Amino acid sequence: YPLVERHITYVHIKDAFFEDGRVMVAGAGEAEVEQVLTALNQSRYVGYVSLEPHLQASGPFGGFSGPQLFHEAATALKEMLARIEAANAG
C-alpha cells in the first residue's frame, strides 16, 4: 500500500478468500478491505469507491449478486465505513 498510496484515485471493493476465490461481502474475506479503507481515510483519500460483490455466481469473466445480495454487500460496506469514520473522529 505505501508504494502505491499517492497514485490511488479509484478503489474497487471486492473481498474473497484467496485459496478458493469464494467472494464475500467486504470485510468477510481475506483482502484486508477495512485496513486499506482505514489507511485511505487517514490519508484523506478523496477519490472514488465502487462496489462489485458478485456474491451469487462468479466466474473468470463475470458474476452476479441480485438485489438482495447486493443490498447485503452494500450494507456491510456502509457499516464498515461508519466504523472507520467513528474510529477516526475521536
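Trainee: Which residues of α2 are buried?
Mentor: The buried residues of α2 are Gly66, Ala73, Ala74, Ala76, Leu77, Met80 and Ile84, where buried means under 20% relative accessible area, exposed means over 50%, and partly exposed lies in between, with a 1.4 Å probe and protein chains only. Keep in mind that this is a predicted model, in which local features need pLDDT of at least 70 and side-chain atom pairs count only at pLDDT 80 or more, while totals for chains, interfaces and linings use all residues. Residues are numbered from 1 along each chain as its sequence is written, and side-chain values use heavy atoms, with hydrogens and water left out.

Trainee: What span should helix α2 have, and how far apart are its end C-alpha atoms?
Mentor: Helix α2 covers residues 66-89, and at 1.5 Å a residue its 24 residues should span 34 Å, which agrees with the 34 Å between its end C-alpha atoms; the expected span is 1.5 Å times one less than the number of residues.

Trainee: Switching topic, how many helices and strands does the protein chain have?
Mentor: The protein chain has two helices and six strands, and from the N terminus on they run β-β-β-α-β-β-β-α. Helices (H or I, at least four residues) and strands (E, at least two) are DSSP runs, numbered from the N terminus.

Trainee: And how much of the protein chain is buried?
Mentor: Buried residues make up 23% of the 90 residues in the protein chain.

Trainee: Now, where does tyrosine 45 lie?
Mentor: Tyrosine 45 lies in the loop between α1, residues 33-42, and β4, residues 48-51.

Trainee: What is tyrosine 45 in contact with, leaving aside its neighbours within four places in sequence?
Mentor: With those neighbours left aside, tyrosine 45 is in contact with Ile8, Thr9, Tyr10, Val11 and Leu40, and contact means heavy atoms within 4.5 Å. Tyrosine 45 and isoleucine 8 are 37 residues apart in sequence, yet their C-alpha atoms are 8.4 Å apart in space.

Trainee: What about arginine 44, is it buried or exposed?
Mentor: Arginine 44 counts as exposed, because its relative accessibility is 65%. This residue is found in the loop between α1 and β4, and it has a positive phi of about 65° although it is not a glycine.
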